[in-house]
Amino acid sequence: RRVREAVVSTQSTGGTPIFMHQAVSFMRADMAMKYELAKLAVWRSCADYDEGRRNTYYASIGKLYGAIAANENASNAVQVFGGNGYNKDYPVEKLMRDAKIFQIYEGTDQIQKLIISREHMTKYM
């Protein structure tokens, strides 16, 4: 959703829509990449579960990277909107607040890192 919000911005500079500028295009590409990578980790976790395998490793990676991606993408979306990104009239302001909960709700980043480290040692060592 953050990527869409950044793309549909009606703001323009010098007559060019803001989302057409190279710097904003790079941000959009980074946002899309982070979203897709987080989704792939979750899907890998689901595939392991469906096959009856332990899915803790990829589930924790999906949770951690998804939370990181959500926060970075929300921050980038706010940046695309400039000062208006903090205005309650724009949806990215709420997305920025909502993204922070992902780092807290599903286990803090540090806890997910401990789980990933433990599972990695079990899996590959």
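# A first look at this protein chain

Of the 125 residues in the protein chain, 32% count as buried. Please keep in mind that this is a predicted model. The chain holds five helices and two strands, and from the N terminus on its elements follow the order α-β-β-α-α-α-α.

**The chain as a whole**

- The accessible surface of the protein chain comes to about 8,000 Å², and carbon and sulfur atoms make up 59% of that area.
- Among contacts in the protein chain with a separation of 6 or more, 63% are between residues 24 or more positions apart.

**Salt bridges between parts of the chain**

- Side chains of opposite charge can pair when their charged atoms come close.
- Searching the whole structure turns up eight salt bridges.
- One of them joins the side chains of E72 and K34, at 2.6 Å from N to O. Because E72 sits in helix 3 and K34 in helix 2, this pair ties together parts that are 38 residues apart in sequence.
- Another salt bridge links the side chains of E119 and R54, at 2.7 Å from N to O. E119 belongs to helix 5 (residues 109-124) and R54 to the loop between helix 2 and helix 3, so parts 65 residues apart in sequence are tied together.
- Here E119 counts as buried, at 7% relative accessibility, while R54 counts as exposed, at 58%.

- R97 and E93 form a salt bridge whose closest N and O atoms are 2.9 Å apart. Both residues lie in helix 4 (residues 91-105), four residues apart, which means that about one helical turn separates them.
- R97 is partly exposed, with a relative accessible area of 48%, and E93 counts as buried at 11% relative accessibility.

**A buried polar residue**

- N73 is found in helix 3 (residues 56-81) and is buried, with a relative accessible area of 6%.
- A polar atom of the N73 side chain lies 3.1 Å from the backbone oxygen of M31.

- M33, L37, L40, V42 and W43 make a nonpolar surface patch of about 500 Å².
- Of these residues, V42 has its place in helix 2 (residues 22-50) and counts as partly exposed, at 39% relative accessibility.

Methods. Residues numbered from 1 in each chain as written. Predicted model: local features only at pLDDT ≥ 70, side-chain atom pairs only at ≥ 80, totals over all residues. Heavy atoms only, no water. Patch = residues over 30% accessible without salt bridge, like charges linked within 9 Å, V, L, I, M, F, W, Y side chains within 5 Å. Areas by Shrake-Rupley, 256 points an atom, 1.4 Å probe, with all protein chains shown as cover. Salt bridge = Lys/Arg side-chain N within 4 Å of Asp/Glu carboxyl O. Buried < 20%, exposed > 50% of the residue type's maximum accessible area, 1.4 Å probe, protein only. Polar contact = N/O pair within 3.5 Å; in protein donor to acceptor, adjacent residues only side chain to side chain. Contact = heavy atoms within 4.5 Å.
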